[in-house]
Amino acid sequence: MPAGPVTGAQAAELMRNLNTTLIRLLQLRLGSYEDARDVAQEAYARLLNLGNDQVVSFQRALLFKIAQNLATDVLRRRAYTELPEPEGLELWPDPEVDPERSARARRVIERLPAVLAELPPRCAEAFRLVRMEQCSFKEAGERLGLTDRMVRIHVARALALCQSRFDELTDDGRTAEHD
């Protein structure tokens, strides 16, 4: 074929001569006849849209290179969007069904007011606004007349106290210090 842009007649001849080969090659790479046809069609369209200075006399090689690049794109998209489901996912227990976990959660919820009562008032209020009312640190700071940094510090202190108190809980609901 002569150098220069691909004309409609040249594209038709190129398709007649190469279409079966191109689609077979792409089908082997992609594992899907439909995807192979779509990629081949896109490759022809891109070849036709190249400017005069970009198309050279070896249009066949250029067509196959375009098709291979498009196939690579399809495989990358497929790898990203078709991630396999992790094995054993269906075997993960539902936390709500575990009676021990439910009982411990109930004990934590029952003790929470007493633990929060140990905190200074502003610290407890910052925790309540951020963790229970789902306010942002900035919003809680505006309500309390504090900077959002100070609200973060109060919430961190409250979380640390809650963690230490709830770590002390025994299986029967009493704290470890009472044993």
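1. His 154 is found in helix H7; helices here are DSSP runs of H or I with at least four residues, strands are runs of E with at least two, and both are numbered from the N terminus. At 10% relative accessibility, His 154 counts as buried (buried means under 20% relative accessible area, exposed over 50%, partly exposed in between, with a 1.4 Å probe and protein chains only). Neighbours within four places in sequence aside, His 154 is in contact with Arg 122, Cys 123, Ala 126 and Leu 146; contact means heavy atoms within 4.5 Å.

2. On the basis of the coordinates: this is a predicted model, in which local features need pLDDT of at least 70 and side-chain atom pairs count only at pLDDT 80 or more, while totals for chains, interfaces and linings use all residues. Residues are numbered from 1 along each chain as its sequence is written, and side-chain values use heavy atoms, with hydrogens and water left out.

3. The chain has 7 helices and 0 strands. Of the 179 residues in the chain, 30% are buried. Among contacts in the chain with a separation of 6 or more, 59% are between residues 24 or more positions apart. The chain exposes about 12300 Å², and carbon and sulfur atoms supply 53% of that area (Shrake-Rupley method, 1.4 Å probe; for residues, only the protein chains shown count as cover).

4. Helix H5 (residues 121-132) and H7 have axes that come within 8 Å and cross at roughly 95°. The axes are lines fitted to C-alpha atoms, for helices over the stretch in contact, and the angles run from 0 to 180 degrees between N-to-C directions. H5 and H7 are therefore roughly perpendicular to each other (65 to 115 degrees; under 35 counts as roughly parallel, over 145 as roughly antiparallel and the rest as oblique). On the H5 side the contact is made by Arg 122, Cys 123, Ala 126, Phe 127, Val 130 and Arg 131, and on the H7 side by Val 151, His 154, Val 155, Arg 157, Ala 158, Leu 159 and Cys 162. By class, this contact of H5 with H7 has 9 nonpolar, 1 polar and 3 charged residues; Ala, Val, Leu, Ile, Met, Phe, Trp, Tyr, Cys and Pro count as nonpolar, Asp, Glu, Lys and Arg as charged, and the others, Gly among them, as polar.

5. Helix H6 (residues 137-144) also meets helix H7 (residues 148-167): their axes come within 8 Å and cross at roughly 100°. That makes H6 roughly perpendicular to H7. Phe 137, Lys 138, Ala 140 and Gly 141 in H6 meet Asp 148, Val 151, Arg 152 and Val 155 in H7. The contact of H6 with H7 has 4 nonpolar, 1 polar and 3 charged residues by class.

6. A search of the whole structure finds 0 disulfides (a disulfide is a pair of cysteine sulfur atoms within 2.5 Å). For Cys 162, the closest cysteine sulfur is in Cys 123, 9.0 Å away and too far for a bond. Cys 162 is buried, with a relative accessible area of 6%, and Cys 135 is buried at 7%.

7. Gln 134 is found in the loop between H5 and H6. Gln 134 is not a glycine, yet has a positive phi of about 60°. With a relative accessible area of 62%, Gln 134 is exposed.

8. Gln 163 is in helix H7 and counts as partly exposed, at 47% relative accessibility. Gln 163 and Val 115 are 48 residues apart in sequence and 10.0 Å apart in space, C-alpha to C-alpha.
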